[in-house]
Amino acid sequence: MQMAFSIGLGSIWRFPYLCHRNGGGNFILMYFFMLCLFGIPLLYMEMIMGHWLRVDNIRVWKQLVPWLGGIGYASILVCILISLYHSVIITWSISYLGNSFDNSLPWNQCPPVKTINVTDLSCLRTVSHQYFWYHSTLSASGHIEEGVEALVLQLTLGIFAAWCILFLIMITGLKTSMLIMGFATQVLRKVPYSPQAVAATSRLTKNYFPLILVFTVFLPCIILLCFLIQSLFLEGAIASLRHMVTTELSAWASLDLWRQAGGHVLYSLGLGMGTTINFSSYKAGEDNYIQVASLMALVNLGTSLLVTSIIFIVLGFWATTSGPTCVEKSVSKLMKLIKRGVLPQDAKPPEDILLLPPLDYLEWISHLPQHLQNQIIRFSPSCSIKTQKGKFMEGPGLAFAAFSQAVSLFPGASFWAILFFLILVITGLNTLIRILESITYPLQNSISIFRRYPKLLSDLSVAKPAFATVFVCLGGFLGSLIFTSHAGSYVMSLFDDCLVPLTLIIIVAFQNMALAWIYGARRVREEIFGDLGRLLWSFLTVLWCYVTLPGLLALTTISLMQLYQTEPPYYIAWNSSMSQEVKQPYLQGTLSWVTFLSVLAFLPIPIYPLQHWWYLQDHIASDPFEKLQSKKMPLVPPKPWPKHSMKSQEGNKDSSSKRRSLSLTRGLNLNSWRRFSLPLSSQSSSWFSLPVMNSLSTFSTRSFSLPVSRQVSPALTPIDNSDQHVKTKDQNQQENSVP
């Protein structure tokens, strides 16, 4: 499942247009550098945290650093923002899938027009695939402030269909990753890390994972490989690949290149979204996560390079066949149609038309009768009459326009188009389901009303719509409507380029700081070794402390500078009169929405400790004698962590003696905990005692190595007063029995 997420929309859709926008090889080299230095260590950090603590993205931070427990809620808000514009990408795929059922693919030629004038010749000024993207699919406006209030009907219906499919997946329990996670979580709750849980999850994995892997990993890679082989026979293919790998060291001075490469590393690996922590928390068994993280990064990079190679070859083919070459092809095709009797003799171009500039060919067409103009435009080849001096496409629709060209190269192009865009829809749905899991799964475990009534959030066992499932899908549909407007693709670019990378960088920086510096990287190594029986690679802890955190802080500074610099950032818009893309700067009013949504996403981080501090003060003021009564109540010692690393009972006398000494050490640490912690009995007061212990351990008590400090979270370990006397007595007997 984690591998399927790495081969998602980040690799197929986002990486190619960022690579093309930033000069090809410069972006690839920068991305590889940041993937090794930032991506793999941070991905390993999230994997090992989920596997170590066995809790979701919200409760991880409540246990490690309770006063930063709002990080998980901030991740959920970012996932909501990402899910909104991911749904419109699925809508674009559905639109192309619907057009793929035509015998003659509509993007291979200019569409017929009812009235012909000079502006209607715009399809001949560019390639038909780009024209189809902006005019037929998006009905794009000229800039972001124009057409926001008007919705495109086909996109609105498509996004409604996308959220309906997601709703059906979430309530009917289709064999998806959502069902697997829901079932595995229920088993692990009842029998924490038991052979029964492992067996149940393994049976479900054997039945349903192969189907998911076929449609989300193997089949897309096979089809992309076929596209690459077919594209290599296009004109200008070798030159395009050479341009893709060409690097200029002077480009590394561009701060925007660092920002986009670093943001995409976090985006493509799902860092900061909580998907990795949630998946690792319920995944049964043990893995070498450094190998898994490295494999995921390599698969992600390989898929991205494969897709980018195809798109660069198509772009090179468009550039090679534009201008005079396109006029020559058009004249040759017209002469063949005239000889076959398809077109009349009046459509014959002048003999010296090839000696004139390409735009004179358009001028000749504009003086023909209306019915001849319509026929010539209809039968014109899919190339650009206008010489393209700059880049053909830089916007987020690059992958769709390029793959529509790649699909048309195959015999039986309609079949290949249906197959490819169907897989693209499935891949997008799989990515979006994983993101929705990161919203619903932590909320169900962390919010009391959802724990009391779990069917409010999701009901995977019966085919009855849950209230919160309806609410999530309906809210997602309504929130996504802005992306179906005439300026929707520009709004989506604002989210994807400015808002989401900034929020992900800051959230991951908080995560890194909380684990490596506040909780302590050395303390993490010691406790993971005690709980899981494995020792973290010391080089990774050095990276967490001295490389990734300063790098994330630098990326945050660069992102803020780019957003609020004197020259505002730009987006790619479509100019219908010129039939080409133009760069439009964002207005200050538009950028203010980025500021507002960014602040909204980070609000849980400062609000969470303030809320608990306020509740604590109010609780102490309302009951001043509760603190005195709680001293008489013995604390329940937490249950020791399960030893996931025990392989067998034979020949393990040394390991049993180590566990006996470890339990003794934990008993001593528990006594230290009783001396230092505040004797408060409520949940909020117990929560408040944890930061005191963390601050003490940071300065003077780190040598205690308190593994129990993250197990005494009241949200997870409620105190049962009726059974305290028996447990305390058993504990005293165990301590006296140890020599």
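## Terms and model

A residue is buried if its relative accessible area is under 20%, exposed if over 50%, and partly exposed in between (1.4 Å probe, protein chains only). By this cut-off Cys-79 is buried, at 0% relative accessibility, and Cys-19 is buried at 0% as well.

The model is predicted; local features need pLDDT of at least 70, side-chain atom pairs count only at pLDDT 80 or more, and totals for chains, interfaces and linings use all residues. Residues are numbered from 1 along each chain as its sequence is written, and side-chain values use heavy atoms, with hydrogens and water left out.

## Overall make-up

The protein has 739 residues, and 56% of them count as buried. Its secondary structure comes to 28 helices and 2 strands. These are DSSP runs numbered from the N terminus: helices are H or I with at least four residues, strands are E with at least two.

## Nonpolar cores

A nonpolar core is a set of buried Ala, Val, Leu, Ile, Met, Phe, Trp, Tyr and Cys residues joined through side-chain atoms within 4.5 Å. The largest one holds 171 residues, and Leu-64, Trp-92 and Phe-403 touch the most other members. Helix α21 (residues 488-532) gives the most to this core, with 24 residues. A second, separate core has 24 residues, including Tyr-131 and Cys-383.

## Disulfides

A disulfide is a pair of cysteine sulfur atoms within 2.5 Å. The structure holds 2 disulfides. With bonded cysteines counted along the chain, the pattern is 1-2, 3-4.

Cys-110 and Cys-123 form a disulfide with sulfur atoms 2.0 Å apart. Both cysteines lie in the loop between α5 (70-99) and α6 (128-138), so the pair ties together parts that are 13 residues apart in sequence. The torsion about the S-S bond of Cys-110 and Cys-123 is about -95 degrees, so this disulfide is left-handed.

Cys-326 and Cys-383 form a disulfide with sulfur atoms 1.9 Å apart. Cys-326 lies in helix α14 (residues 324-339) and Cys-383 in the loop between α16 (370-379) and α17 (398-407), so the pair ties together parts that are 57 residues apart in sequence. The link of Cys-326 and Cys-383 is right-handed, with 75 degrees about the S-S bond. Cys-326 is buried at 1% relative accessible area, and Cys-383 is buried at 3%.

## Backbone angles

Most residues other than glycine have a negative phi. Ser-579 is not a glycine, yet has a positive phi of about 55 degrees. Ser-579 lies in the loop between β1 (570-575) and β2 (580-585) and is buried, with a relative accessible area of 1%.
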